[in-house]
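Student: I have a model open and would like to learn how to read it. Could you walk me through a few features?

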Amino acid sequence: MKKTLFTYLWLTITAISVYAQPQAPDAEYIKANYQKYEYQIPMRDGKKLFTSVYVPKDQSKKYPIMMDRTPYSVAPYGTDLYKGGLGPSSLFVHDGFIFVYQDVRGRWMSEGVFEEMTPEKEVHKTKNDVDEGTDTYDTINWLLKNLPNNNGKVGVWGISYPGFYTTASLLSRHPALVAASPQAPMADLYRDDAFHNGAFMLVANFGFYPFFTNRQDDKPTQRRAPGLNAGTEDGYDFFMRMGSVKNTNDKFYKDTIRLWNEMLDHPDYDQHWKDRNVLTHLHDIKTAVLVTGGWYDAEDLYGAINTYKTLVKENPKTPVYFTMGPWVHGGWARGDGDHLGDVDFGGPTGPFYREKIEFAFFSHYLKGTELSLAPVSAFETGTNQWKTYNAWPSKEAAEKNLYLLPGGKLSFDAPATTAGSFDEFVSDPNKPVPFTNDITMDMKREYMTGDQRFAARRPDVLTYATDVLDKDVTLAGNIWANLKVSTTGTDADWVVKVIDVYPDSTKNNKRTGKDVYLSCYQQMVRSEAIRGKYRNDFGKPEPFVPGQVTPVNFELQDVLHTFKKGHRLMVQVQSTWFPLIDRNTQQFQDIMKAKDTDFKKATHRVYTSKDSPSFLKVRVIE
């Protein structure tokens, strides 16, 4: 039976909540060697949080506690019903830990009202000043006092939303919390999952909230959300027929989903979003931290990279480790991690991470084993090899500008002409550029490495490419787009994609899809969008002056990728990317309230002259 987007997302969420470890191999071992308990743990304000605890039956020694706090349910409920897998991986099950799973405040069987990424408080004056940091502190205190045979040390881990709760656990500053691993953590909700530089992440959020919203009150429940059936597998067609974003309520939700409405009511980066940026609180942290992310994480790449950078900057004496692999969202926790779509990574990467990095980290801090782990472990795509660094980005990388030149050229040499050279295209939001060539109702993860030839052939996509490289070029660090543009409208989205173009002679590999050829394949390496009216301030939108040359600068985030000798480096620029992001009306207005008749064509220019250069600022290792 085929899955709709919504079914797929729910299964993905459920899988992440138990980290999709192979269930059968460990299920019988867990039942034979662990005893399950369930508790309602009281918080300082009187609310009780539902908590499942799995304790080794062998009580001849003391065990550290591994805890996962989640909004995705600690199911199955009932002391006679066991999870099929425990901990971050099977390694933990067989080594012996006390495993704790907790429904966070306001979710599933816990009391309280749920808040999206609960705003953290710097000061807690009264017992009613609660947040995820205080809930973690109170939970740890209770566990240490009430679980026999614990060794007084606690580790916390979590992926995605549980990754945020792991980051928030650091703010408990509990002395027993000695190790934590935020993995693909949501860090700034506006920038991670809701909007990317002001562009609304339509397909991901539309599919998420109907399944996430199983309760909106303070009444504990095991009821799952009913979800929403789109009735089609063609997401491009579905969202075009749906029309403007406000139609999500008019046609589907009927103003019944509070968290969805919070996003639509706050398109600007206002106080609502600032309160949901946990990065501003990451100071005075003593807990050892392992931050993990994937280069091809379509959801929380920003969260992983910036959680690491903030922790290192604000806590220079604290052990902070960072791992980035060739993974999609949560991909390191399960499977081999040996390919994504048509792109092969040369062998398994997931098992290496789970044993040599994740398990080694927690085992050291919770059980005192030896640890030989570099501060930064990063997988270099293109060459398919692990690299280690003392810090990220690597100090080996030199900052350079990669210029968009007349005639579709791309070069590290600046444009020589002072004439007002530019490239021009018509952007029609009623015929938007698709983000993938596949028919899908999903934010299909393979788009992150997908072949971009389908886009390069469209007249509303600008393409710039280097000559064939005569040596390897490695980009190592963040990428900033620095565009000089103009438009006949008063607003526009700008999408920039960095692409690795394979040689003509490239042969298919065992991962290559049916009817796909790697000869001249245009592999996307990094991509990002910005809603142009936020080019100067995400909190203060500004219209474009029609026809006026205007700088638009934004971050595409970090990469570690080698463009090999014989390949070419390509950049594509476009203004629609549908339905990954919603459509811009190309008029200066609140697009969340736009009517279907508000979407207008506009002519956009990207300038390529010495006086008005467009370029990418990159970090290069040669």
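Student: Which residues does glutamine 572 touch, not counting those up to four places away in sequence?

Tutor: Contact means heavy atoms within 4.5 Å. By that rule, glutamine 572 touches Gln452, Ala455, Ala456, Val461, Leu462, Thr463, Val495, Val496, Lys497, Ile499 and Gln522. Bear in mind that this is a predicted model, where local features need pLDDT of at least 70, side-chain atom pairs count only at pLDDT 80 or more, and totals for chains, interfaces and linings use all residues. Numbering runs from 1 along each chain as its sequence is written, and side-chain values use heavy atoms, with hydrogens and water left out.

Student: Is glutamine 572 buried or exposed?

Tutor: Buried means under 20% relative accessible area, exposed over 50%, and partly exposed in between (1.4 Å probe, protein chains only). Glutamine 572 counts as buried because its relative accessibility is 0%.

Student: What does the side chain of glutamine 572 reach?

Tutor: Look for polar contacts: pairs of N or O atoms within 3.5 Å; within protein, one must be able to donate a hydrogen and the other to accept it, and residues adjacent in sequence count only if both atoms are side-chain atoms. The glutamine 572 side chain reaches the backbone oxygen of glutamine 452 at 3.5 Å. With the side chain of glutamine 522, the polar contact is 3.2 Å.

Student: Where in the fold is glutamine 572 placed?

Tutor: Helices (H or I, at least four residues) and strands (E, at least two) are DSSP runs, numbered from the N terminus. Glutamine 572 sits in strand E23 (residues 568–574).

Student: And what caps the N-terminal end of H4?

Tutor: Aspartate 131 does, with a side-chain oxygen 3.0 Å from the backbone nitrogen of glycine 133.
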